[in-house]
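Please find below a note on the structure you sent for comment.

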Amino acid sequence: MTARAAEPDIYELSLDRNLTTPEVPSKCVDRVRDYQYNVAMDFVKRGYQVETMRDGLVFVITIPAASLFAPCDTVLSRAGQSLLKPMLDLLQPVGYCKLMLAMHADDTGSPQYAEWLTRTRVNAVFDWIDDNASVDYVVPYAEGAEDPLDDNDSMEKRKHNRRLEIYVVPEAAMIAKAKKGKVKK
């Protein structure tokens, strides 16, 4: 993994902290926001569920766990690999953005099982990315059942809670291009 002077180690930061760093200077916020919006819209056009956060500087792609893994399984399916393939483009050029991978589960089973399942699944996604691209700016997080989108009181709501969230956060190379007015999609 690439060492970066005077910057926090992204692998040591919490998900929340990673989502707020690096700071985007005010003089290039609009350029970064426009770039991120255009990239996010490309994913929307491909059928991905996408939301923005941090005033549009960060976007998150949500993929149902059932689209990536068989029930209770930790082996990334071929269909899951196909869904993840466009994410590899986000990693080029290296240092343009970072990806935070947050895997979630429902609350069936013990908290230890949910933690194990999400850790093993997010590591499977990370390993697949590592086999296909640089992971210098990819950080996996196992969220267990701690952050549900819905109550876990029905099969449909539990299914909604089982997901992979891929946060796309601008990094130093994108910010540097934006400062020069050269970040365009």
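The points below concern a predicted model, and they pass from the sheet to the cores, the pocket and individual residues.

1. Sheet order. The model contains an open sheet of five strands, arranged in the order β1-β2-β5-β3-β4 with mixed pairing. The edge positions are taken by β1 and β4 (138-142); each has a single partner strand, so one side of each lacks a neighbour in the sheet. From one strand to the next, the twist averages 20°.

2. Pairing of β1 with β2. Strand β1 (residues 49-53) runs antiparallel to β2, and five bridges join the two. Within this pairing, Val50 stands opposite Ile61 of β2. The two strands form a hairpin with four residues between them, and Arg54 there takes a positive phi near 50°.

3. Pairing of β2 with β5. These strands also pair in the antiparallel sense, over six bridges. One of the residue pairs to inspect is Phe59, whose bridge partner in β5 is Val168. As a reminder for reading side-chain directions here, the side chains of a regular strand alternate between the two faces of the sheet.

4. Helix against the sheet. Helix α4 lies across β3, β4 and β5.

5. Main nonpolar core. The largest nonpolar core comprises 43 residues, of which Ile61, Leu84, Leu90 and Ile129 touch the most other members. At least two residues of this core come from each of α2 (29-45), β2 (58-64), β3 (97-104), α4 (111-132), β5 (163-170) and α6 (172-179). Leaving out residues up to four places away in sequence, Leu84 touches Ile63, Leu68, Leu76, Val125, Trp128, Leu164 and Ile166.

6. Second core. A separate core of twelve residues is also present, and its members include Ile10, Tyr137, Val139 and Val169.

7. Tyr37, at 46%, is partly exposed. Apart from neighbours within four places in sequence, Gln36 is in contact with Gly56, Leu57, Val58, Phe59, Val168, Val169, Pro170 and Met174. For Tyr37, a distance may be noted: its C-alpha atom is separated by 9.8 Å from that of Glu51, 14 residues apart along the chain.

8. Largest pocket. Rolling a probe the size of a water molecule over the atoms shows where empty space is left. The largest pocket in the model has a volume of about 230 Å³. Its lining consists of 15 residues, and those closest to the pocket centre are Pro71, Cys72, Asp106, Arg121 and Arg162. Helix α4 gives the largest share of the lining, with four residues.

9. Positive phi values. Most residues other than glycine have a negative phi, and most peptide bonds are trans. Arg54, in the loop between β1 and β2, has a positive phi near 50° without being a glycine. Its relative accessible area of 22% makes Arg54 partly exposed. Cys72, in the loop between β2 and α3, is likewise not a glycine and has a positive phi of about 60°. Cys72 counts as exposed, because its relative accessibility of 60% lies over the 50% limit. Cys72 is also among the residues closest to the centre of the largest pocket.

10. Cis peptide bonds. Which peptide bond has omega near 0°? The bond from Thr21 to Pro22 does, and it is cis; Pro22 lies in the loop between α1 (15-19) and α2. The peptide bond from Gln92 to Pro93 is also cis, with omega near -10°. Pro93 is found in the loop between α3 (78-84) and β3.

11. Surroundings of Glu143. Glu143 is located in the loop between β4 and α5 (155-161). Setting aside residues up to four places away in sequence, Glu143 touches Leu15, Ala102, Met103, His104 and Thr118. From Glu143 to Asp89, 54 residues apart in sequence, the C-alpha to C-alpha distance is 25 Å.

Note on methods: Residues numbered from 1 in each chain as written. Predicted model: local features only at pLDDT ≥ 70, side-chain atom pairs only at ≥ 80, totals over all residues. Heavy atoms only, no water. Core = buried A, V, L, I, M, F, W, Y, C linked by side-chain atoms within 4.5 Å. Buried < 20%, exposed > 50% of the residue type's maximum accessible area, 1.4 Å probe, protein only. Contact = heavy atoms within 4.5 Å. Pairing = 2+ DSSP bridges. Axes fitted to C-alpha atoms, helices over the stretch in contact; angles between N-to-C directions. 1 Å grid on protein atoms, 1.4 Å probe; cavity = no way out; pocket = protein on both sides within 12 Å on 5 of 7 lines; lining within 4 Å. Points joined across faces, edges and corners; volume = space filled by probe spheres on them.
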